[in-house]
Structure formats: structure tokens, C-alpha cells
Amino acid sequence: MNALYTAEALSTGLGREGRASTSDGTFNVPLAPPRELGGLGGGTKPKQLFAAGFAACFHSALYAAARGKKINIENSTVGGRMQIGNNNVGGFKLAVELEVTSPDLPYEQAQELADVIALVSND
């Protein structure tokens, strides 16, 4: 791959109980594990950051695909839902669910655009 951009972030402290920051200094937040995973709550959850980042990247790719097809998706949104669960062999697995909403497009057309991006992102 010919990388057009590389994002760099650093986790310090105790992982989910530390800090996350970017190399350019524009992002620096304390992290806290959720109560559901034994934490005290409060703070930003790494899974929230993952969900937000994935949704934003997918939304950007959706805009690029729509532009290529000369489709207006100005009022679209992409929601990200990131889950962590047991993998049944002593570890964990991650799952991401994206919800694309584009009220100005027929469902089939919006689904077709989302499917194109999903196919590309799985390669």
C-alpha cells in the first residue's frame, strides 16, 4: 500500500487506565475502563474512541464513493457501535457495527453505497 497518511497515537499508563494522545498533540485524554468491565467508569473509554474513529473513517469513505457516483449524501450520518466480548478460548474479540443513515436517498441506494465501502474495507 502507498500510504497517504499515517496516524500515530500513544497509550501510556495502564492501558485502559492511562492516557491516549496523538503525536501531533491535538488529542490527549485520560482513559477509564467501563463499569461493565470492572472499572470505576468516568473518563473516556478506548472502545468509544475506536467506535468514533471507525465511524468517521467510514463516513468519509462513503462521501468519496457518493461523489464518484454524483450522489448527494449531505444529510448522512454514520453511527459506530464497538463491542468487546469473550472469544471462548480465554481471550477477547471485537466487533464493530455501523449504522448508515441518509434520509435523502432511497434505502436501496444508501445500502448499495455502504456495501461498496464495506467490501473495500474488508480487502
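**The nonpolar core and its surroundings**

Author: The largest nonpolar core holds 13 residues, and those with the most contacts inside it are Phe58, Leu62, Ile71, Ile73, Leu105 and Leu113. Such a core is a set of buried Ala, Val, Leu, Ile, Met, Phe, Trp, Tyr and Cys residues joined through side-chain atoms within 4.5 Å; buried means under 20% relative accessible area, exposed over 50%, and partly exposed in between, with a 1.4 Å probe and protein chains only. Two or more residues of this core are given by each of helix 1 and helix 2 (107-121), and the largest share, 5 residues, comes from helix 1. Helices (H or I, at least four residues) and strands (E, at least two) are DSSP runs, numbered from the N terminus.

The model is predicted: local features need pLDDT of at least 70 and side-chain atom pairs count only at pLDDT 80 or more, whereas totals for chains, interfaces and linings use all residues. Residues are numbered from 1 along each chain as its sequence is written, and side-chain values use heavy atoms, with hydrogens and water left out.

Helix 1 covers residues 46-68, and its 23 residues should span 33 Å at 1.5 Å a residue, in agreement with the 33 Å between its end C-alpha atoms. The expected span is 1.5 Å times one less than the number of residues. The buried residues of helix 1 are Lys47, Ala51, Ala55, Phe58, His59, Leu62, Ala65 and Ala66. An α-helix has 3.6 residues a turn, so residues three or four places apart point the same way. After helix 1 comes lysine 70, with a positive phi near 55°.

Leaving aside residues up to four places away in sequence, phenylalanine 58 touches Val78, Leu98, Val100, Ala114, Ile117 and Ala118, a contact being heavy atoms within 4.5 Å.

The whole structure has 1 salt bridge, defined as a side-chain nitrogen of Lys or Arg within 4 Å of a carboxyl oxygen of Asp or Glu. Arginine 81 and glutamate 97 form a salt bridge, their closest N and O atoms lying 2.8 Å apart. The pair links distant parts of the chain, 16 residues apart: arginine 81 lies in strand 4 (residues 77-86) and glutamate 97 in strand 5 (residues 92-101). Arginine 81 is partly exposed, at 40% relative accessible area, and glutamate 97 is partly exposed, at 42%.
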